Amino acid sequence: WYQRRVHKQWYQRRVHGTADLDQNQLSIPQISESAPNSSVVTCETLTMALLTKAHLLLLILMASGCLSKFGSSGFIEYREGNVGIVIAVPHGGSWDYQEIPNRKYGVLEGDDHTRELGEVVAVAICRNLGKCPHMIISNLKRSKLDPNRNITEASHGNPTSEKAWEEYQGFIEEAKKVEGVGVVIDLHGQSHRQNSTELGYLLSTEQLNRGDYDSAKSSVRHLA
């Protein structure tokens, strides 16, 4: 497994992306913004605007993904896959749950459309491999919870946020244990308008700017 950030004994690819998504092509499953009271929610929709034979096959492959498991907090969503690929979406949530106070420091801006981007990536993997990745999604706004930080910065001591953070990390670990080996794709976005895809290599901005591309210090060596 390749992972970084909170679980520092693993290495993880961080993928920053922006995408112009055609909402007529894929209807994304959504959950209600009412108080959390269910651990399993069925997809409201999973439809294509123009269904081809390939799309029909894809829908069959994705059928198992129409059941999302939620932690007891109701904020963290886990869709179990059947291949050693885990897509984690920490900053794509839009749930502005009022009973959780806003975080007072750290990055508060979410990564727009990364939930939708994660859906598109998952569909592409299903289509090309015939197997589907695991997906872990935080549905809370980043101003309420940042599951990609340590628990103190992530939740600012709020018990509800802390519970959601623990569930997010726990679902990632649960997904990793299914196959034993694989890769975790930590999906992020950027607020600039360069419409580019950026990969994290475990190298700092300073290292990249001075041309320090030592592969021994980078996560790229695990993907070679």
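Let me start with E77, which counts as buried because its relative accessibility is 2%. Buried here means under 20% relative accessible area, exposed means over 50%, and partly exposed is in between, with a 1.4 Å probe and protein chains only. The model is predicted, so local features need pLDDT of at least 70 and side-chain atom pairs count only at pLDDT 80 or more, while totals for chains, interfaces and linings use all residues. Residues are numbered from 1 along each chain as its sequence is written, and side-chain values use heavy atoms, with hydrogens and water left out.

What does E77 pair with? It forms a salt bridge with R79, and the closest N and O atoms are 2.9 Å apart. A salt bridge is a side-chain nitrogen of Lys or Arg within 4 Å of a carboxyl oxygen of Asp or Glu. R79 counts as buried too, because its relative accessibility is 6%. As a general point, side chains of opposite charge can pair when their charged atoms come close.

The count for the model is 11 salt bridges. Another one joins K176 to E173, with 3.1 Å between the closest N and O atoms. Both residues lie in helix 4, three residues apart, which is about one turn of the helix. K176 has 3% relative accessibility and so counts as buried.

Then there is R210 with D212, a salt bridge at 3.7 Å, N to O. D212, at 16%, counts as buried.

Now the overall layout. The protein has five helices and eight strands; these are DSSP runs numbered from the N terminus, H or I of at least four residues for helices and E of at least two for strands. From the N terminus on, the order is β-β-α-β-β-β-α-β-α-α-β-β-α. Of the 224 residues, 44% are buried. Of the contacts with a separation of 6 or more, 75% are between residues 24 or more positions apart, where contact means heavy atoms within 4.5 Å.

Next, the nonpolar cores. A core is a set of buried Ala, Val, Leu, Ile, Met, Phe, Trp, Tyr and Cys residues joined through side-chain atoms within 4.5 Å. The largest has 19 residues, and those with the most contacts inside it are F75, I76, I136, L140 and L145. Which elements give two or more residues to this core? They are strand 4 (76–79), strand 5 (85–89) and helix 4 (159–179). Helix 4 gives the most, six residues. Apart from this core lies another, of 12 residues, including V89, I125, I137 and V183. In soluble globular proteins, nonpolar side chains tend to be buried together.

Last, the cysteines. There is one disulfide by the rule used here, a pair of cysteine sulfur atoms within 2.5 Å. C126 and C132 form it, with their sulfur atoms 2.1 Å apart. The torsion about their S-S bond is about 140°, so the disulfide is right-handed. Both cysteines, C126 and C132, are buried.
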